[in-house]
Amino acid sequence: MSHISSIATGTSVLVMAKGDDVAVALRDLVPGETIDLPDGVLTVVAAVPSGHKIALGHVDAGVTVHKYGQSIGVATAPIERGEHVHSHNLGMDLGARVHEFGTVHTELPVPTERRTFDGYRRADGRAGTRNYIAILTTVNCSGTTAKLIADRFRGGVLDRFPHVDGVIALTHQSGCGLVLESEGAQMLVRTLNGYAAHPNIAGVLVLSLGCEMTPADVILSGGDLPADTLVETMSIQETGGMRATVAAGVEKILAMAEKLDERRREPIDISELVLGLNCGGSDGYSGITANPALGWASDVLVANGGTSVLAETPEIYGAEHLLTARATTREVGLKLIDRIDWWEKYIVTGGGTMDNNPSPGNKAGGITTILEKSLGAVAKAGRADLAAVYEYAEPMAVRGLGFMDTPGYDPVSVTGLVAGGATVVVFTTGRGSVFGCKPTPSIKVGTNTELFLRQGDDVDINAGRIADGTASVDEVGAEILEMIIAVASGTQTTSEEFDVGQEEFVPWHIGAVT
């Protein structure tokens, strides 16, 4: 794939790679206007919105259309030079892709200085970026009670505990009617285990109803909790109902807060950060601005010995060959292909196709097929070798670049990454997002300046400056890296300022419910 380092101010269209059949409009193009290109004058035939594609030459129906130097689909009708290329004349390319393993290797620059962040050192040696108390529910039946307890700590109640970041109720829609040995139940247990043991959670109150299929001991037994994690368990049935449980739960959390407020941040090498990479509400600028800039920051973190993990399997579909080529071993590459194969069967069972993604918002922003979306999405992973592939919510224990199998739905995807141990998340968006993911801070990077001007209170960094020609990919990437370090040290993100992130705990739910 092409790596655009900078765009000249005033440029009207951008060709992503040599031999591409389309260019990206960097502003609204109107019929009749002309654009000077190296191969001659391009006359705009039909209106092309900003972020959408314009044809660079004639393409016959049935012929592959290229962007980023890769197929993004097949022409469903003849396309003329200067024409708008989108859903009306471009469809899915169902041709097989060639998967190579370990054929591409990039030597990342060796760091000249060691960087640190101010984090919380946990008893198991891991480093946290926040100091939360979590109410972890075993079943949906205890969800309302958990929220009632957490609500008692809003409105300044925790002001006397300045080193406690908050109390969060992590509720979900499952926990009973399950076959515990099933894939879906094991996925839920793995997710809850991961949150209980997360380095950003220093205190856990496991709240059960009392008769569910996933009791507290199941949630705590497989999590390998750090020895300094404070743990309490409560059953609503044994405590005497909701009112009594809320009162008792508040007292238990106050006692935890007293102890946890004594903990302090200390300098920790950035090699101990675990970065989750995600995107939502992507548009035609995602693969040009925010995602490549995040890829730059990811590469620097990996070069420093850190961990960075891409996710959203349906949103790397059609671009997975770019990742398998970077796999450190054939086994790593084959594990990724195995997850792609699983998804193809899973989607057919549900009556859909992989091209159901992109969403209507993605298409309005200029993305036509899942192939095009995926090619832009993998840019978040930079150029580092692919060192590991993880199941959903599996502990992310291998340093370097990894991939986690998750859905493309943002809350479900990031819940898996956080359960796996992500201590900071960077989330790129083109259409606009208000996403957060407590207990892990989420940095949102906007792909275009129009979004930043319209919804700037929800966006931390404007990568649209790359398309505007006022900043390079490397410059915005360096800004993202600096914000990762600052946020890991305690600086709040926009989503944290708005107290967003509790409701976005959404474990992936698959399998039968009886």
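I begin with β1 and strand β2 (residues 22–25), which pair in the antiparallel sense over two bridges; strands here (E, at least two residues) are DSSP runs numbered from the N terminus, and two strands pair if DSSP finds at least two bridges between them. Within this pairing, Leu14 stands opposite Val24 in β2.

A word on the basis: this is a predicted model, in which local features need pLDDT of at least 70, side-chain atom pairs count only at pLDDT 80 or more, and totals for chains, interfaces and linings use all residues. Residues are numbered from 1 along each chain as its sequence is written, and side-chain values use heavy atoms, with hydrogens and water left out.

β1 and β2 belong to an open sheet of four strands, ordered β1-β2-β5-β8, with antiparallel pairing. β1 (13–14) and β8 (84–85) stand at the edges, each with a single partner strand, so one side of each is left without a neighbour in the sheet.

I turn now to strand β21 (residues 424–429). Is β21 mostly covered or mostly uncovered? Mostly covered: six of its six residues are buried, that is, under 20% relative accessible area with a 1.4 Å probe, protein chains only. In a regular strand the side chains alternate between the two faces of the sheet. Here Val424, Val426 and Thr428 point one way from β21, while Val425, Phe427 and Thr429 point the other way.

Strand β17 (residues 274–279) runs parallel to β21 and is joined to it by five bridges, with Leu277 opposite Val426. Five bridges also join β21 to strand β22 (residues 442–446), again in parallel; there, Thr429 has Gly446 as its bridge partner.

How values were computed
Buried means under 20% relative accessible area, exposed over 50%, partly exposed in between (1.4 Å probe, protein chains only).
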